[in-house]
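Here is a short briefing on a predicted model. Look over the chains first, then read the points below.

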Amino acid sequence: MGRRIAFHESACTNCHLCSMFCSLAFTENRIYEFRPSIARIRVVENADDTLYVAHVCLQCEDPACAEACPVDAVAVNPQTGCVEIHEETCIGCGSCMEACEFQCIFMVNDKAVKCEVCDDPLCVRACAAGALVLEEWEAAAVKKQGELYREVPL
Amino acid sequence: MIRVTVTLSGPLRNHYRSPGSSKGEETVLSPGACVADLLTHYGISRERAHMIIINRRKADIRMTLNSGDQVRILPLAAGG
Amino acid sequence: MNGWMGTVLRVDLTLGRITKEALDPSLAGDYVGGRGMAVKILLDELKMDCDPLGPENMLIFINGPLTVTGVLSSGRYMVVTKSPLTGTICSSNSGGYFPAAFKTAGYDAVIFTGQSEKPVYLWIENDRVELRDARSCWGRDTRETREIIRSETRKDACVACIGPAGENRVRYAAIINDAARAAARSGVGAVMGAKHLKAVAVRGTGGVRVADPETLLKSTIMADHIKKADLGIAFAEFGTPLFVDVMNANNIMPTKNFQEGFFEAGDEINGAEIIDRTLVRSKACYGCALNCGRNTRLPEGGKYQGRGDGPEYETCYALGSNIMVGDLEALTKMNYICNETGLDTMDAGATLGALMELYEMGRITEKEIGFPLVWGDADAAIRLLYMIASGEGFGREAGMGGKYVAEKYGAPEVFMGSKGQGFAGYHPRGMVGQGLLYATSPEGGNHTTGNTIQPEINGIPESMDPLSAEGKAEMVIRRQNETAFIEACGVCLFPYMLMEEGTGIIAAFYSAVTGMEHSEDDVRRIGERIFNLEREFNRRLGFDRKDDTLPGRLTHEPHPEGIAEGNVVPLEEMLERYYRLRGWDPDGVPTSDTLRRLGIP
């Protein structure tokens, strides 16, 4: 397996700098824009304000999103272990988004998008709290993070 | 020996020598010790000791300490 | 446009009409946003002699070109209006998540005029804007109101609202956003309540364009540096209440209604105590790496129950040392009450301080209040806070503010404020430049328009003698000008005011976002223009030198003990020099040369 962006909840401050800078990385047509609503990492707090949770793709080994995709647009990259959505193939049906029990897939401009682990992730750079770390994929940590996402959905 | 009471403010409180000293502790130093010696004793660098107060008055690191002195060491901090 | 969204929303509450207008680019260029743009709009459009609580007053919610642009702490807004507490222009600042929401919804400002016949709230979802009936939440506290409105709109809507205090027009009512952040000062909540505007709820999915993202990426490196420095650790771990230690150590923690500068129980209400007893976790505003917010809860089984945010430093002074309450849990409870009912903790503290002193003097008794009100009686203070918010019994009078009660009960000298607004938690007898700041602030007792803590107490950039007038006029002018610019940008003061090179940094950020090159001097000049515009606004209402005052306690009663022992504020001396350097005449009025130089018509 490869690397993923691991989220460490106890360090999170609910500042949303990750979403802000992620969105900058994905602005298009040489327009530089902060548009947090297109970010591939989204932060939410739980109802009693005790947990701050950044939903970012876990790069599952056996991803439900890939399974659900009717046009095979979603697949695991064998080199990096990263789960990737092929933009041109994607028909924007939202099946992958529905299938993801961790709520880490989002619809942007009628296409499904998710974290695909940038080379130099801006979210990791922007997080001054140290809550986001590029880590080697490891099952126990992924499971724990997944449980957190189920507990605090978007 | 001289005994002084030391209060370490904010992040500097990690330097207390006795466990459970949250608002201050007594410490023993050699006679003639000055504030610089106290900082060394606590392992606090001069840069981090932004403000030193002895018996409610501003002090600097060269000042000699006397038994019974109440010393406060504060980091750089601001508020609003 | 880079930075600005290019649209201003106008809401006529009398007619129930909403219009959108294009932002005037010259307004943006000359006045930026926030405090600056708002005062210019008010000067041009407001009927100056209007009743602040009447339909003719205008209430402006305004962010800035740097809001949501990845610069340090880019998530703030200001509420600007004619104050019902002071009668001057006022600008109240708040963070949280609401400012970012209405920026990304597409608006630089929302301007409310008129008065709704029935309680309403404004619901903004990007370009869809509507006024809705607020009967479901009128009368409810701010926490409940947010939940109700979210259930009627979207669960992720950001809500800014008033509580009972604003509805009852308490003169220091606040506008609370995101449950626990406050545009607290100057009675902005009362203006909102008088307009029968219960809340503004927003969801925004738009984007903010920037010219030069490379420079903005540097902010992430800066944030990292700050985070690792003592100042950053201080903010993130201990929050602003760490400052209680600094203030007490320097003998400038206002205690017992500014009679003293040292609070014996300071260690019971500081940042360390909060960590040990009530802190759930630290919490940041949108876009901020400093993370100074305190997410707290009162311990199970304790005397007081509740959950919320805070207290932050000013409240530790206002409802702590100022009224001799040294119990963190009682103080925390008072903070929660103020957040929930929508009250400014600072003027609540100034009012309670004046009342406790009046009570001690025998000018006011149990007969008027309904119960005794002695120094340090937290339960009496709590009871009175509820009464103030609801307007019940003596609460109605107390809700008019400290100046009102001090004058009414025959001891005007016990109100610790200026122009009718209570001071902040910095005792000017121990830092005299702050006294000059308080006296010359557009809205009176206010510290955010140029807090002098860095130069006078922390010696940044250089040491200054806090007790002497030397260099203070120059320093205060510079701080005021710089702050006016920062508060026009829609960002938090903290990183820029606290870092030595803060003005250079914000100039660089402003240039990078807008694509318009601005030097440090350029931004100071814009700030100077804004500050003078506020002065001109007040002048038209008859404010001048006679209103740039401090109470006799500060100018004539020597500090009792400690570092500042024997000191008083040499206000007149500083004021004379200040006016001269500002290019104002001896009455404190900007000369026509000065106005011309600053491009103020």
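Two residues are in contact if their C-beta atoms, placed from the backbone, lie within 7 Å. By that rule, and leaving aside neighbours within four places in sequence, A:Cys123 is in contact with A:Ile5, A:Cys18, A:Phe21, A:Cys22, A:Ile41 and A:Leu132.

**Confidence**
- The predictor gives the complex an ipTM of 0.96. The pTM is 0.97.
- Chain C has an average pLDDT of 97. In that chain, 100% of the residues score at least 70.

**Nonpolar core**
- The largest nonpolar core holds 273 residues.
- A:Cys18, A:Cys123 and C:Leu343 touch the most other members of this core.
- A:Cys18 is also one of the contacts of A:Cys123 listed above.

**Strands of chain C**
- Strand β1 (residues 7-12) of chain C runs antiparallel to strand β2 (residues 17-22) of chain C, and 6 bridges join them.
- C:Leu9 has C:Lys20 as its bridge partner in β2(C).
- The hairpin of β1(C) and β2(C) has 4 residues between the strands. There, C:Gly16 takes a positive phi near 70°.
- β1(C) also pairs with strand β6 (residues 109-113) of chain C, in the parallel sense, over 5 bridges.
- In β6(C), C:Phe112 is the bridge partner of C:Val11.

**Contact between chains B and C**
- Chain B gives 20 residues to the contact, and chain C gives 27 residues.
- On the side of chain B that touches chain C, the elements giving two or more residues are β3 (51-54), β4 (57-59) and β5 (70-74) of chain B.
- The residues on that side of chain B comprise 8 nonpolar, 5 polar and 7 charged.

Definitions and conventions: Residues numbered from 1 in each chain as written. Chains lettered and ligands numbered in written order. Predicted model: local features only at pLDDT ≥ 70, side-chain atom pairs only at ≥ 80, totals over all residues. Core = buried A, V, L, I, M, F, W, Y, C linked by C-beta atoms within 7 Å. Buried ≥ 20, exposed ≤ 12 C-beta atoms within 10 Å, placed from the backbone. pLDDT = per-residue confidence, 0-100. Pairing = 2+ DSSP bridges. Nonpolar A, V, L, I, M, F, W, Y, C, P; charged D, E, K, R; others polar.
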